[in-house]
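User: I'd like to learn how to read the packing and the aromatic side chains of a protein model. Could you walk me through one, feature by feature?

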Amino acid sequence: SCWVYLTSAPGSETPAVCSSYNYYTVGSNGNFVARISTDNLWRSFDGQGNQASITGTYSWSLNTWYYMAWVRSGGTLTVYRNGVSMGSVADSKTLSDTANGLVIGSSRITGTISNNLNGYMSDFRVVVGSAITSVPTAPQTSVSGTSLLLSCQNANIVDSAASVNLETVGNAQASTTQYKYGTASMYFNGSTSYASFPNNPVGT
């Protein structure tokens with residue numbers, strides 16, 4: 001889950017909020033991508049098969065904070081925008097791709113970075129073991145099962161759960177231009193910037 005603020009219009013299958021490092025790669029089971037595009041919100045594969053996808057027609061406003069949550073419970077994955085379901089799909093595969101890491105603010109499809117986010121992100125949180133759908137009214141915290149929490153409240157991009165090492169690439173940075181809480185959020189320039197982790201914190 002995270003807060004997202006778009007500064008350019010999304011398109012077909014773009015932008016990606018996050019993906020496994022080897023999304024849609026032969027032999028990489030449990031790979032996935034979470035999007036806020038005009039036609040796809042979620043897609044996962046075992047290698048390049050066993051697809052689970054949430055598709056439709058979606059509209060977005062620019063310069064608006066949206067609270068997005070991809071929540072799986074009982075073998076069903078549902079995408080929520082501001083607490084309202086946008087669609088669901090049966091998806092019981094293991095979403096780990098553990099050895100290959102996670103990309104935030106973009107997707108890495110068969111080895112190529114693409115579908116970069118142009119805008120801001122705040123309170124990116126991964127919680128394993130709890131299906132949390134409520135919209136927060138304050139900065140998200142490290143609740144039980146939190147394996148990743150990027151708050152950026154103090155103008156730093158740091159994992160508050162202290163479980164993974166973050167690498168920022170390109171122009172990904174903390175920015176005080178727009179923020180949901182505190183004084184800053186993560187900024188992505190839509191072309192070259194993203195954040196990545198050596199191991200995937202999803203693992204579920």
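User: Which residues touch the most other members of the largest nonpolar core?

Analyst: A nonpolar core is a set of buried Ala, Val, Leu, Ile, Met, Phe, Trp, Tyr and Cys residues joined through side-chain atoms within 4.5 Å. Buried means under 20% relative accessible area, exposed over 50%, and partly exposed in between, with a 1.4 Å probe and protein chains only. Here the largest core has 35 residues, and W42, W70, I104, M121 and F124 touch the most other members. A second, separate core holds 10 residues, among them W65, A69, V71 and Y181. In soluble globular proteins, nonpolar side chains tend to be buried together.

A word on the source: this is a predicted model, where local features need pLDDT of at least 70 and side-chain atom pairs count only at pLDDT 80 or more, while totals for chains, interfaces and linings use all residues. Residues are numbered from 1 along each chain as its sequence is written, and side-chain values use heavy atoms, leaving out hydrogens and water.

User: Which residues does F124 touch?

Analyst: A contact means heavy atoms within 4.5 Å. Leaving aside residues up to four places away in sequence, F124 touches S1, C2, V17, C18, I104, L148, L149, L150 and M186. For the protein, 57% of contacts between residues at least 6 apart in sequence join residues at least 24 apart.

User: How many of the residues are buried, as a percentage?

Analyst: Buried residues make up 50% of the 204 in the protein.

User: How many aromatic pairs are there?

Analyst: Rings of Phe, Tyr and Trp (its six-membered ring) pair if their centres lie within 6.5 Å; planes under 30 degrees apart count as stacked, over 60 as edge-to-face and the rest as tilted. That rule gives 10 aromatic pairs. One of them, Y23 with Y24, is tilted, at 6.3 Å centre to centre and 45° between the planes. Y23 counts as buried because its relative accessibility is 4%, whereas Y24, at 31%, is partly exposed. W60 and Y66 pair edge-to-face, with 5.3 Å between centres and 90° between planes, and both are buried. Y5, W65, Y120 and Y187 form one aromatic cluster.

User: Which charged residue lies over the face of W60?

Analyst: A charge sits over a ring if NZ of Lys or CZ of Arg is within 6 Å of the ring centre and within 35 degrees of the ring normal. For W60 the residue is R81, at 4.6 Å from the ring centre. Likewise, K180 lies over the face of Y181, at 6.0 Å from the ring centre.
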